[in-house]
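Please look through the sequence and the model shown here before reading on.

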Amino acid sequence: MICKLYFLNKLGRTLFLFLLVTMFAGFITNEKVFAQSDTIVNFTLEDLEGNRHSLQQYLDKGPVYISFFAMWCQPCLHKLRTLKPVWDAYREAGFTLLVINTDTPNSLSRVESYWRSQRYDMPLLLDPSARVFEQMNGRSLPYALMVAQDGTIVQVDSGFLPGDERKIETLVQQLLAAE
């Protein structure tokens, strides 16, 4: 009985600390966090060849999943590998997996080498100053936003766990069916 009370007491303390930190974090930040139904702001970035691409050109085709990554972020690299089949399955239907790299210009050769070695054909844009990442309220990687064709943000993802790709695929199916 005493052991159960100790466990509950410890659980209660942990829950209390979690709530306290969560509440405190809400007070110290005044950044806008995207909510469902917010509209995304268009942006333009360059690809590896220096060609400029706007978000709108991809939204004109259908829903877009914007996934930010950096070479040092192993969960980001894993996420890209697991999302590639989703891109392959739905790209012809209008879905775009738009990948944005946030590494500095010094790492550009590593980014290009990695991209080519993986034989990725998803659109890759570069955000070396992390300007767009910050504009989209990115705080940590991996970070992603699902955007409906009309520019409405329908989901914001921070982090990545195995199985998340199935949830993302389900959302892609729903957005494509709604068009």
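**The nonpolar core**

The largest nonpolar core of this predicted model has 52 residues. A nonpolar core is a set of buried Ala, Val, Leu, Ile, Met, Phe, Trp, Tyr and Cys residues joined through side-chain atoms within 4.5 Å. Buried means under 20% relative accessible area, exposed means over 50%, and partly exposed lies in between (1.4 Å probe, protein chains only). The residues with the most contacts inside this core are Phe 43, Ile 66, Phe 68, Phe 69, Phe 95, Leu 98 and Trp 115. Helix α3 (residues 74-90) supplies the largest share of the core, seven residues. Helices (H or I, at least four residues) and strands (E, at least two) are DSSP runs, numbered from the N terminus. If residues up to four places away in sequence are not counted, Phe 43 touches His 53, Ser 54, Leu 55, Ile 66, Leu 98, Ile 100, Val 132, Gln 135 and Met 136; contact here means heavy atoms within 4.5 Å.

Two sentences on conventions are needed at this point. Residues are numbered from 1 along each chain as its sequence is written, and side-chain values use heavy atoms, with hydrogens and water left out. The model is predicted, and local features need pLDDT of at least 70, side-chain atom pairs count only at pLDDT 80 or more, and totals for chains, interfaces and linings use all residues.

**Aromatic pairs**

Rings of Phe, Tyr and Trp (its six-membered ring) pair if their centres lie within 6.5 Å; planes under 30 degrees apart count as stacked, over 60 as edge-to-face and the rest as tilted. By this rule the structure contains six aromatic pairs. One of them joins Phe 68 and Phe 133 edge-to-face, at 5.3 Å centre to centre and with 65 degrees between the planes. Because Phe 68 lies in strand β3 (residues 64-69) and Phe 133 in helix α5 (residues 131-135), this pair ties together parts that are 65 residues apart in sequence. Phe 68 and Phe 133 are both buried.

The rings of Tyr 114 and Tyr 120 are also edge-to-face, because their centres are 6.1 Å apart and their planes stand at 70 degrees. Tyr 114 has a relative accessible area of 11% and is therefore buried; Tyr 120, at 9%, is buried as well.

**A strand between two partners**

Strand β6 (residues 143-147) is mostly covered, with five of its five residues buried. Tyr 143, Leu 145 and Val 147 are buried on one side of β6, and Ala 144 and Met 146 are buried on the other. Two strands pair if DSSP finds at least two bridges between them. Strands β3 and β6 run antiparallel and are joined by five bridges; Ser 67 has Ala 144 of β6 as its bridge partner. Five bridges also join β6 to strand β7 (residues 153-158), again antiparallel, and Tyr 143 has Ser 158 of β7 as its bridge partner. Strands β6 and β7 form a hairpin with five residues between them, and Gly 151 in the turn has a positive phi of about 90 degrees.

**Salt bridges**

A salt bridge is a side-chain nitrogen of Lys or Arg within 4 Å of a carboxyl oxygen of Asp or Glu. There are eight salt bridges by this rule. Among them is the one between Glu 49 and Arg 116, whose closest N and O atoms are 3.0 Å apart. This pair links distant parts of the chain, with Glu 49 in the loop between β1 (44-46) and β2 (52-54) and Arg 116 in helix α4 (residues 108-118), 67 residues apart. Glu 49 has 52% relative accessibility and so counts as exposed, whereas Arg 116, at 44%, is partly exposed.

Lys 84 and Asp 121 form another salt bridge (3.4 Å, N to O). Lys 84 lies in helix α3 and Asp 121 in the loop between α4 and β5 (124-126), 37 residues apart. Lys 84, Asp 88, Arg 91 and Asp 121 are linked in a network of salt bridges.

**Confidence**

The pLDDT is the predictor's confidence in each residue, from 0 to 100. Its mean for the protein is 85, and 79% of the residues reach 70 or more. Over residues 14-34 the pLDDT is below 50, and this stretch has 15 contacts in the model beyond near neighbours in sequence. Where pLDDT is low, the predicted coordinates should not be read in detail.
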